[in-house]
Amino acid sequence: MTDAAVLSEDDTTERPDLTQVIREAILDAQFAPHQRLIEADLSERYGASRASVRTALLNLAGEGLVERLPNRGARVRAITVDEAIEIVEVRIGLETLCARKAAENLTPADADRLRALRAEIEGAIKSGDLMAYSRLNQELDRRIRDLSRHGTATQLLERLRAQSARHQFRLAFHPGRAATSAPEHIAIIDAILAKDPDAAEAATRAHLSGIVEVLHGME
């Protein structure tokens, strides 16, 4: 077997994990917007080959998280507020679809888990734990996508949400935002629990439209 064949097999094994690891590092603010992503440094940091790092950065450039600069390598892409607004506007169509599907597909076991998540969200708001509330919001979004069983919408939403993750984090700590968004999330949950697709769609649309309004205020 040639060295090239061995390298190719190693890259195939490493690529999904390394892309995910660097993606999570960007979303967790381990790398700042416009920070250069140097292949040699990433290779040493993650114990991966330079070829694997290069492939991961190409994958993330395709997702809009990284931008490639001519003769300068790659850097973390900064998403503007205008772009974040456009992303949420696209999400409205996809997330309302997922909410409808979730209401239609709900099983008794799904309902029990959703009620438990509802209680956790209410508990985080009552205790003023905004970090926990932000995490639970992400869990609710993921749960609704899973319940929808709509693979195409889920894939598109995961990419869009990754691009706007920093703005979503800022929103969670925007003054008074939690007091507004919590009842909106509860309304979405209750509509799904009632297996009412129209109400689930309407509640989701109202929530995301509110996010657009807040983002306009950040311009």
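Reader: In which helix is Arg 177 found?

Author: The model is a predicted one. Within it, Arg 177 belongs to helix α9, which covers residues 177-193.

Reader: Is Arg 177 buried or exposed?

Author: The reading rests on relative accessible area, and buried means under 20%. Arg 177 has a relative accessibility of 7%, and therefore counts as buried.

Reader: Which residues is Arg 177 in contact with, leaving aside its neighbours within four places in sequence?

Author: With those neighbours set aside, the contacts of Arg 177 are Leu 171, Glu 184, His 207, Gly 210, Ile 211 and Val 214.

Reader: How many residues of α9 are buried?

Author: Helix α9 is mostly covered, with 12 of its 17 residues buried. Among them are Arg 177, Glu 184 and His 185, as well as Ile 186, Ile 188, Ile 189 and Ile 192.

Reader: What is the corresponding result for the 25 residues of helix α4?

Author: Helix α4, residues 81-105, should span 36 Å at 1.5 Å a residue; its end C-alpha atoms lie 35 Å apart, which agrees.

Reader: Where is the kink in α4 centred?

Author: The kink, of about 30°, is centred on Ile 92.

Reader: Let us turn to the core. Which residues touch the most other members of the largest nonpolar core?

Author: A nonpolar core is read as a set of buried nonpolar residues joined through their side chains. The largest has 32 residues, and those touching the most other members are Leu 106, Leu 114, Ile 121, Leu 140, Ile 144 and Ile 192. At least two residues of this core come from each of α4, α5, α6, α7, α9 and α10. Helix α9 gives the largest share, 8 residues. Apart from this core lies another, of 17 residues, including Leu 18, Leu 42, Leu 60 and Leu 65.

Reader: What is Leu 106 in contact with, its neighbours within four places in sequence left aside?

Author: Leu 106 is in contact with Ala 111, Leu 114, Leu 147, Ile 192, Leu 193 and Lys 195.

Reader: In which sense do strands β2 and β3 pair?

Author: Strand β2 (residues 66-69) and strand β3 (residues 73-76) are paired in the antiparallel sense, over 4 bridges. Arg 68 stands opposite Ala 74 in β3. The two strands form a hairpin, with 3 residues between them.

Reader: Which residues other than glycine have a positive phi in loops?

Author: Asn 71, in the loop between β2 and β3, is one of them, with phi near 60°. Arg 149 has a positive phi of about 55° and is found in the loop between α6 and α7. For exposure the cut-off is over 50% relative accessible area. Asn 71 is exposed because its value is 85%, and Arg 149 is exposed because its value is 55%.

Reader: How many helices and strands does the chain have?

Author: The chain has 10 helices and 3 strands. Of its 219 residues, 45% are buried. Among contacts with a separation of 6 or more, 72% join residues 24 or more positions apart. The accessible surface comes to about 11,200 Å², with 52% belonging to carbon and sulfur atoms.

Notes: Residues numbered from 1 in each chain as written. Predicted model: local features only at pLDDT ≥ 70, side-chain atom pairs only at ≥ 80, totals over all residues. Heavy atoms only, no water. Buried < 20%, exposed > 50% of the residue type's maximum accessible area, 1.4 Å probe, protein only. Contact = heavy atoms within 4.5 Å. Pairing = 2+ DSSP bridges. Areas by Shrake-Rupley, 256 points an atom, 1.4 Å probe, with all protein chains shown as cover. Expected span 1.5 Å × (residues − 1). Bend = angle between axes of the 7 residues up to and from the residue. Core = buried A, V, L, I, M, F, W, Y, C linked by side-chain atoms within 4.5 Å.
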